Each structure stands twice: as C-alpha cells, then as structure tokens.
Amino acid sequence: MKVKIQLNQLIEAVQDVMKAVSSRTTIPILTGIKMEVTYDGVHLTGSDSDISIERLIPVEEGDLVHIEVKQEGSVVLPARYFSEIVKKLPNDSVEIEVGERFETTLRSGASEFSLLGLDPEEYPRLPQIEENLVFEIQSDLLKTMIRQTVFAVSASETRPILTGVNWTLTDGVLNCIATDSHRLAERKMPIDSQAEELSFQNVVIPGKSLNELSKILDESAEKVQIVVTNNQILFKAKNILLFSRLLDGNYPDTSKLIPSESKTTFVLKTKEFLQAIDRASLLAREGRNNVVKLATLDNQTIELSSNSPEIGKVFEHMIAEEIEGEELKISFNAKYVMEALKVMDCSEISILFTGAMRPFLIQPVSEDTIRQLILPVRTY
C-alpha cells in the first residue's frame, strides 16, 4: 500500500473515527484505526464494538485533489500514536507506505515515522445491514433533536435501558424521549412524506452514540440517511457511516407521566428565568441536591430562594408574563431545570404545575414539539 494524502483531510478524518476508539476495549486490535486505500479514496474505520465510524476521504472533491493513490492496500495502525503523529506533521501532505509485516512509514517534509501496523484481516467487519427501514432527516435538525433530548439520559448503569434515547416513528412523526427517572425530555419532529408508511417502536439508541454522532454532523441542510434494524442503527452522512448497536429491553411507557391538565400555569421569559435560577442556585450548589424553592407571591410575582445552612440564603424575585391558577410552593433540582431551559430554543415558556409533589411540565408557549418534565424535590 502506498498513498499520498492532504494532511488537513487526514487530520479531520482521523479525529472523526477516533470518537469510536476506546482504550479500554478487551479486543486489542480495536485500539487501532483501520486504513484501507482503494482507487476511490481512503477509508478509515474506528470501533469499540458498540459504535463504529467509517470515514471516507475521496480522491477528489470538486476541483480539489485530496489523494494520490500509488498502490491499493490496508493496515491497522495504533490509534493513539497515529492521531498524535498526523496532528504534528510539518508539511501539508503526508506519504504513507506499508512494507513487510505491516510496518508503516509516514513521510512529511523532513519528518519520517515508522509504526508497527497490524493485520487488517483480523479487524472485525462492519455489520451488514438490511436496508428495509430507511428514512432521512436534515443534518442540522438531527443535531438539534439530539441536543434537546440526550442530556436527560441516565448516567447510571443500574437500568441500562435509561442510558439511551427512545425513538418511535408513527404516522410520519419521529418522537424522541430520554429520561433518568427524575426528569424527561421529549422532542417530536415530522419526517418527510416518504416515511408515512414506515413505523417502529422501542428503538433505544445509546446516549453515547448520539453524542458522538452529533459531534461529527455538519450544521447544514444536507440529509442524513437513517437505517434501522432489530439490533443496529446506521447513520449515513456525507463521507461518513456511523453504526451503533441498540439497547436491549423495553423502554418504560412514559406517556402516562405527562399531565393533561394543570392547577397553576406560568408564562415566563426563558432567558430571564434561566439567569434567575442560576443566581438562586449559587449558594445551593455545594449542597446535597442543589435545591431551589419556588413560590408565587401574588398573581404576577414569583420568588426563587435557596438556603445553605453553612453559607447563607438567597432570594430572587421575578415578574411573570402571566400566572394563572392556585397558589404554589414547590422545590426542584436547579441543575435539571437549567439544563431543560438551555435547550428550549424559544423566548417564552409556559410551565404547568399539578401540585407541589407532582412532576411539572416546561414547554414553549406557542408549540408542543418539545416538552421537558421534571420531578420536584420533597422539602416543604
């Protein structure tokens, strides 16, 4: 194998596939990056057996020539050293040549590195996926959907199914739900008409896979193709394939958790409310669960407060756009509410309360495509 590659293209591709490489794998060859050179380009693959990323550097794009292929072939290179070396090479291109026993030479400018490669035949093959259930989403919308749900997955492995985001597709609407049993994030999105006859339930994608996908997607209107099977999901974007295994088990039915009516409703400015909670929680952060109390003072003022016996107290008053219904006193984890508010891409929100010990719902005033449900904390 012998190839000359533009360095900026190689660095970008290596960074993408490194997101799937784990140093803690039990399969030694997976600590490497597989590099395959063909006359249509260079394919790089990284995997930790749960998630695999394949990245193509095409020979040319438009008027730009990225690669000069002198001889086809493949090799597996130690990922940590390979990624560090390519970042620091002096020239704007690098020549990579594989000799006997997969010894690989990298030449760039006045630098020459020799790395001991591994046999690519021993590298696990990417899953062969039947493309029966396929639909498309714009890249920037997919990134938004991930950002608005994945933060609410569970960080604890005690219920592995909750470490993923549950996707369902019915009647042309994709619904994504994440919960860690203290809070829930839901985002709905209509998919193009081609998906109307498609449907699936209980597709639970690991939060880690979605986070890595989000990092390598562009903020563009380009379509990402999504292929769903029984135990795998494949995302196809420009020059990138990301495979992820799906989580086993049934996702809990969360539809009954979302209240249908409310006893107290607020309409608030999103940014103002976020900043007020941020200040109110300053003294509570050291505490056990970062609790902020909220109370209605009259039909337009709310009070946020927190109290840390060792540090002090804070009171924060805020004028609401609107308050309807019963008086209210409730306590909540400030971190959960702040994380929910940060992903609400709207200037005003409504918050629906059904009592001091019932979950409350945060959603934009004008629509219900995104909803955040948060469990209060028992203090009063």
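The domain bounds used here come from an automatic or database domain assignment. This is a predicted model, where local features need pLDDT of at least 70 and side-chain atom pairs count only at pLDDT 80 or more, while totals for chains, interfaces and linings use all residues. Residues are numbered from 1 along each chain as its sequence is written, and side-chain values use heavy atoms, with hydrogens and water left out.

Start by colouring domain 1 (2-122), domain 2 (133-245) and domain 3 (264-374). Now keep domain 1 and domain 2 in view: their C-alpha centres lie 29 Å apart. Where they touch (heavy atoms within 4.5 Å), domain 1 puts in 12 residues and domain 2 puts in 13 residues.

Next, show the surface. Domain 1 and domain 2 bury about 1,100 Å² between them, with 51% of it on carbon and sulfur atoms; that is accessible area (1.4 Å probe) lost on putting the two parts together, summed over both. Select Lys19, Asp50 and Ile51 in domain 1: these lose the most area to domain 2, together 42% of what that side buries.

Between domain 1 and domain 2 the count is 3 salt bridges.

Last stop: strand E4 (residues 51-58), which gives the most to the side of domain 1 that touches domain 2, with 7 residues. Strands here are DSSP runs of at least two residues, numbered from the N terminus.

Methods
Salt bridge = Lys/Arg side-chain N within 4 Å of Asp/Glu carboxyl O. Helix = DSSP H or I, 4+ residues; strand = E, 2+ residues; numbered from the N terminus.
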